[in-house]
Amino acid sequence: MERRTVSEREAAGLPGDAPESADAAYRASHDEVAREADAGEIPTGDRTRKSRDAFPPTRYED
């Protein structure tokens, strides 16, 4: 069954190997963002999420 799945995926133009799970993809992207933030490759700001306003500022007058 596995060989058939691989051949059908390749016939459909997809890679033959199975895609990684959603949890594994999330962990990998989270780890990459953490690595980039630690290395200073992306800006992180100096305030934590809890200390920021809940919504972005609006340009409309109150």
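Trainee: How many helices and strands does the protein have?
Mentor: The protein has two helices and zero strands. Helices (H or I, at least four residues) and strands (E, at least two) are DSSP runs, numbered from the N terminus. The radius of gyration of the protein is 21 Å, well over the 11 Å that the globule rule gives for 62 residues, so the protein is more spread out than a compact globule. That radius is taken over C-alpha atoms, and the rule is 2.2 Å times the number of residues to the power 0.38.

Trainee: Where do these coordinates and residue numbers come from?
Mentor: This is a predicted model, in which local features need pLDDT of at least 70 and side-chain atom pairs count only at pLDDT 80 or more, while totals for chains, interfaces and linings use all residues. Residues are numbered from 1 along each chain as its sequence is written, and side-chain values use heavy atoms, with hydrogens and water left out.

Trainee: What does the C-alpha trace span along its principal axes?
Mentor: The trace spans about 60 × 35 × 20 Å. Two pairs of residues give further distances. Arg-35 and Ser-7 are 28 residues apart in sequence, and their C-alpha atoms are 37 Å apart in space. Thr-44 and Ala-54 are ten residues apart along the chain, with 17 Å between their C-alpha atoms.

Trainee: What share of the 62 residues is buried?
Mentor: First the cut-offs: buried means under 20% relative accessible area, exposed over 50%, and partly exposed in between (1.4 Å probe, protein chains only). Buried residues make up 3% of the 62 in this protein. Helix α1 is hardly covered, since one of its ten residues counts as buried. Thr-44, in the segment after α2, has a relative accessible area of 51% and is therefore exposed.

Trainee: Which residue forms a salt bridge with Glu-8?
Mentor: Arg-4 does, at 3.0 Å from N to O. Both residues lie in helix α1 (residues 2-11), four residues apart, about one turn of the helix. An α-helix has 3.6 residues a turn, so residues three or four places apart point the same way. Glu-8 is partly exposed because its relative accessible area is 45%, whereas Arg-4, at 59%, counts as exposed. Just after α1, Gly-13 takes a positive phi of about 85°.

Trainee: Which residues are linked in a network of salt bridges?
Mentor: Glu-32, Arg-35 and Glu-41 form that network. Arg-35 is found in helix α2 (residues 22-39). Glu-32 lies in α2 too, three residues from Arg-35, about one turn of the helix. The side chains of Arg-35 and Glu-32 meet in a salt bridge of 2.8 Å, N to O, and those of Arg-35 and Glu-41 meet in another at 3.3 Å.

Trainee: Are Arg-35 and Glu-32 exposed, partly exposed or buried, and what are the percentages?
Mentor: Arg-35 has 39% relative accessibility, so Arg-35 counts as partly exposed. Glu-32 is also partly exposed, with a relative accessible area of 33%.

Note on methods:
A salt bridge is a side-chain nitrogen of Lys or Arg within 4 Å of a carboxyl oxygen of Asp or Glu.
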